[in-house]
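Subject: Handing over the structure

Hi,

Here is the structure I promised to pass on. Have a look at it first, and my notes follow below.

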Amino acid sequence: MEKGNTKKGSTNRRKFLKIGLLSGATTVAGATLLANLASEEELQASGEKIRVLTPDGKMVEVDAESINNYPEAHITPAESRKGIPDRKFVMVIDLAKCKNARNCVESCQKAHNLDYNEEFMKIQLIQDHEEAEPYWFPKPCYHCDEPPCVTVCPTGATFKRDDGIVLIDNDRCIGCKFCITSCPYSARQFNWSHKPKFDDTSQPYSPETSVPGTEGTVMKCDFCPDMLRQGKLPYCASSCPMGVIYFGDKNEDMVTNGEETVRFSELINDRGGYRHLEHLGTKPNVYYLPAVNRQFPLERGFDVDEEIIERYKDVPFVQDLKDQGKI
Amino acid sequence: MDVDIRKRELVKEFSPMLLKSTKWSKIWIGILVGFILWGLAAFVIQVIKGHEVTGMRDNVVWGIYIINFIFFVCLSYSGAFISGILHFFKTPWKNSVSRIVEIITVVSLIIGPIFILLCIGRLDRLHYLFLYPRIQSPITWDIIAIITDLIGCFIYLYLTFIPDFAILRDNSEDVPKWRRKLYTFLAIGYRDTPTQRNRLHKITRIMSAMIIALAIVAYTVLAWIFSLTLQPGWNSTIFAPYFIVAGLYSGVGVIIIAMYLIRKYFKLDHYIRKVHFIGAGVILLVISLLFGYFTFSEYFSRWFSHKTHDANLLNTLFNRYFWEFIFANYIGVLVPIVILFFKKFRTIKSITFAAIIAVLGLWLNRYLIVVPTLETPYLPIQDTRPEFIHYSATWVEWALSFAGIAAFVLFFILIMRLVPIIPMSGIIDYEREGKGGTNSVTQHQLK
Amino acid sequence: MRTSFFTYSLSIVLLSLFLVSNTFAQEQDLSDYRMRFRFKSIKQPDQSRILEASFIAANKKDRKDRVPVYGADITFLNVLGEEQVSLGSSKTSKEGIAQITLPENQSYLMDPEGRINFRAVFKGTEELDGEEKEISIKDIHLDLGLIEKDSVRTVQINAHTIDSLGLQIPVVETDIIISVGGMLSKMVIEEGSIEDGTYEFEMPTDLPGDANGDIKVYAIIEDHDDYGDVVQKNMANWGVSKKSGQESENTLWSEAAPIWMYVVLTILLVGIWANFVYTGIHLFKIKKEGKELELKTEN
């Protein structure tokens with residue numbers, strides 16, 4: 001049932017309406033007719049929704065078009081080992097702009113079908129030393145050039161691609177968890193038990209989407225290669241309201257946060273870009289711009305739900321703030 | 001022929017151990033089987049519900065399973081190491097302990113790897129290790145090392161059993177038919193002729209040397225699983241030798257405990273004598289000094305240089321794990337040293353007590369190597385779920401751990417049913433070489 | 001399995017219930033929304049023209065709450081005085097956007113000044129009021145030249161319109177943005193203003209371009225009163241490819257291990273197994289000797 005429906009959806013997406021008028025103008029239209037809406041909605045209830053207004057004045061929710069959808073091709077586990085040719089992906093995170101809005105976390109969770117506590121992108125509160133005010137520190141997988149996790153994998157289930165991305169093939173993973181212990185950045189997570197969402201076969205598994213998950217295997221941030229293949233930014237970068245996360249191809253020397261595009265080399269050189277725990281020698285592909293001249297006071301980041309604030313209670317600065325009654 | 005008579009005497013002496021099963025032994029086996037069944041039930045639950053039933057979570061992904069794994073595997077390596085040395089250097093009093101050591105070696109090498117399997121999320125994909133092997137992974141090295149070592153130990157154990165199988169075959173008139181057939185098969189036509197004896201001695205000697213080498217390699221590879229990562233508490237250059245010493249510490253400890261139990265249970269006071277306990281005790285003393293030295297040097301250098309992440313780890317150890325740390329690294333080392341250092345403290349019971357303290361301390365030492373490190377990663381754990389911040393083993397893990405110990409004891413008892421715990425051929429060889437003299441009195445003659 | 005299926009279907013049912021209630025709840029406060037109907041023309045590099053209308057309901061109180069109108073029929077017209085020609089119609093997408101593409105050779109109704117008037121019309125339904133928007137565009141010809149002037153790599157932009165007599169009239173005082181294309185976005189390298197029909201600047205020399213060293217350059221006039229949106233592009237092999245050689249050596253993290261690892265492992269394993277085999281051969285010899293001995297005693 002689900003499968004047939006997906007097929008229908010994809011033909012709809014590709015449907016072109018040709019209207020010959022005057023001297024043959026071509027009309028390209030998002031042509032899914034409203035009549036189909038209701039039934040489609042019921043079937044794909046598990047999918048991502050957006051709210052739209054219909055001409056007859058009703059607000060309805062319909063499926064968003066680009067949530068891990070593969071309109072063109074499905075990238076199999078074998079293909080996903082190769083990488084996108086001639087690319088070298090990098091991410092630059094501007095710590096001065098982050099205010100813990102958590103849009104990156106949430107959009108990533110939606111896209112990868114993760115639960116509330118499963119976060120590929122984590123936002124930590126880091127205090128470098130006693131004198132320094134802490135700063136919000138978004139932490140994805142660093143996609144290291146010399147990845148310790150790949151080194152220790154006994155079956156090659158996790159691998160480094162030519163475009164710099166480190167992926168996990170959860171069809172190959174035996175769940176020994178060695179990669180989790182060897183990652184110094186705690187980027188990896190384990191599927192400790194079976195979840196109903198793993199049974200969702202509406203799209204075939206690809207290491208590039210990390211969906212659906214599998215019990216007893218490891219998962220982590222994948223830099224969204226499925227989006228990159230469509231020429232789109234990873235979910236975290238495109239959803240950030242502050243433009244904190246820049247993403248791009250190092251070979252092109254360009255990174256973008258969706259609003260502005262800048263030279264990667266200039267950004268790093270002019271703003272003192274660094275990599276976290278450089279001394280470990282893992283050569284990450286995620287760079288940070290230091291939290292100088294911050295755009296938001298730290299307290300703005302505590303405007304999230306109680307359980308998330310609880311996470312940061314051990315940071316000394318947070319304890320001070322609490323004592324002062326500021327949060 | 002003197003030797004044949006002597007063999008018959010020995011078989012007569014030891015056959016009650018092999019054949020008679022008392023009420024108590026049945027109860028004991030029943031209890032052990034109970035523990036194993038409990039463990040099996042826990043295992044089934046873990047398979048059905050997933051690893052969620054364990055205390056392991058994303059930060060502490062390895063728990064007491066891996067600790068038991070290291071413990072048993074190290075026990076085995078140390079058994080192989082000690083047995084190889086006993087044999088290779090023809091240690092005079094080896095007869096009383098060599099078989100205990102050999103059985104410990106093989107049994108713990110069967111039990112140990114089961115614990116690593118319990119850590120694996122997808123047991124159904126285990127064959128991928130051979131389908132898609134990666135030579136760079138220390139896990140691959142470990143698998144190769146364990147399999148090779150297991151085969152080597154089996155061969156070695158078998159070699160030391162052959163002469164006894166032959167003796168049992170030749171003197172098995174009043175045993176069940178299946179047993180005689182089994183002995184005949186296992187003795188592969190060994191007739192104790194000089195050529196056969198020399199041949200067997202030669203290959204056993206080579207194998208004993210091989211076993212020592214294998215044990216060292218396997219120990220090292222096991223230590224590397226930890227020390228080759230970047231984690232603050234693990235990335236240490238001395239881990240390989242440290243694991244060897246720690247393994248020997250637990251190995252000698254378990255051997256002393258086994259000697260005590262066997263001596264008591266089978267009333268082998270004549271074969272396993274105080275002199276053996278004192279000998280083993282002195283070895284335990286030497287190793288405990290070495291172990292203490294390594295432990296001190298490991299933690300002292302971390303404490304002295306106090307890099308941020310090392311300091312965080314020590315902070316965890318000295319706060320959250322204060323008593324465990326005291327027991328593992330102070331009591332577990334110093335108490336055995338004190339007991340074994342002073343001659344007047346060296347009684348069979350006190351030496352056994354020291355061994356128990358050593359073994360428990362060592363298990364905790366392993367716990368402190370694995371768990372606190374995982375609880376103190378480079379980037380601080382910022383989570384609200386208590387089970388993701390701190391590890392505590394669940395009943396499933398404990399059940400399987402105790403099942404492992406029960407299986408260890410059960411296998412030990414079953415092998416003791418097959419061959420005498422004191423190698424008869426060893427006694428014969430010993431007497432043949434004329435070293436016996438007045439010492440070669442047996443219990444039988446004493447009566 | 002059965003329970004998981006049950007919870008799954010239950011969650012679907014609950015979700016759809018939630019959706020239904022949502023629909024009803026939202027219907028009430030349509031008056032809180034102001035309808036935004038926008039219309040623009042984009043002239044593309046291949047000289048075709050996109051007419052794009054966006055239809056979005058924006059909450060008067062909550063700036064973030066913007067709901068696209070989905071499936072609204074938009075008709076695009078070319079108007080001159082009383083005369084009007086339908087260019088086509090399209091339904092708005094889930095983003096609230098309706099587009100049609102007009103080819104290069106499209107003929108338009110033009111006023112004497114060379115202006116083309118476009119109109120986008122939404123007829124309206126019982127619930128939504130009709131919307132109408134008109135724009136007036138002059139057809140502009142934008143050329144983007146990437147040339148080497150005295151071995152200086154130069155970007156040269158020429159722009160003109162054509163009046164009713166067919167004369168080329170240079171464009172004046174028009175802001176233009178020049179950017180280079182990347183995989184995910186365009187990067188602005190120059191912003192300037194076209195004076196007297198041309199604009200010229202020196203191309204940065206350190207751009208890497210794509211794998212072949214090709215650089216795509218775009219010249220864009222954005223939202224101009226007279227010309228609407230105009231895009232022109234060109235390409236030149238001016239890139240300084242920085243691509244670091246990604247030779248797949250044998251490393252710890254590659255698929256194949258460093259050679260020495262294979263060598264050492266092979267030596268170790270061969271050594272150990274040779275010994276095992278040696279032991280096996282001797283055991284076999286012992287067995288053979290035992291058999292011979294048995295035969296002797298039997299004889």
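A word on terms first: two strands count as paired if DSSP finds at least two bridges between them. Helices (H or I, at least four residues) and strands (E, at least two) are DSSP runs, numbered from the N terminus. With that in place, β5(A) and β6(A) run antiparallel and are joined by 5 bridges, and A:L125 sits opposite A:W136 in β6(A).

Please keep in mind that this is a predicted model, in which local features need pLDDT of at least 70, side-chain atom pairs count only at pLDDT 80 or more, and totals for chains, interfaces and linings use all residues. Residues are numbered from 1 along each chain as its sequence is written, while chains are lettered from A and ligands numbered from 1 in the order in which they are written.

Back to β6(A), residues 135–139: 5 of its 5 residues are buried (20 or more other C-beta atoms within 10 Å of a residue's own, with C-beta atoms placed from the backbone), so this strand is largely enclosed by the rest of the structure. A:Y135, A:F137 and A:K139 point one way, A:W136 and A:P138 the other. In general, side chains in a regular strand alternate between the two faces of the sheet.

Chain A also has an open sheet of 5 strands with mixed pairing, in the order β13-β12-β11-β4-β14. β13 (261–263) and β14 (286–289) stand at its edges with a single partner strand each, so one side of each has no neighbour in the sheet. β12(A) (254–256) pairs with β13(A) in the antiparallel sense over 3 bridges, and A:T256 stands opposite A:T261.

Chain B has 17 helices and 0 strands. Its C-alpha trace spans about 80 × 50 × 45 Å along the principal axes, and buried residues make up 46% of its 447 residues.

Where do the two chains meet? The contact (C-beta atoms, placed from the backbone, within 7 Å) takes 38 residues from chain A and 35 residues from chain B. On the chain A side, β5, α5, α6, β9 and α10 each supply at least two residues, and α6(A) gives the largest share, 4 residues.

Beyond its neighbours within four places in sequence, B:M259 is in contact with residues including B:V97, B:I100 and B:F277.

Best wishes

Key:
Contact = placed C-beta atoms within 7 Å. Buried ≥ 20, exposed ≤ 12 C-beta atoms within 10 Å, placed from the backbone.
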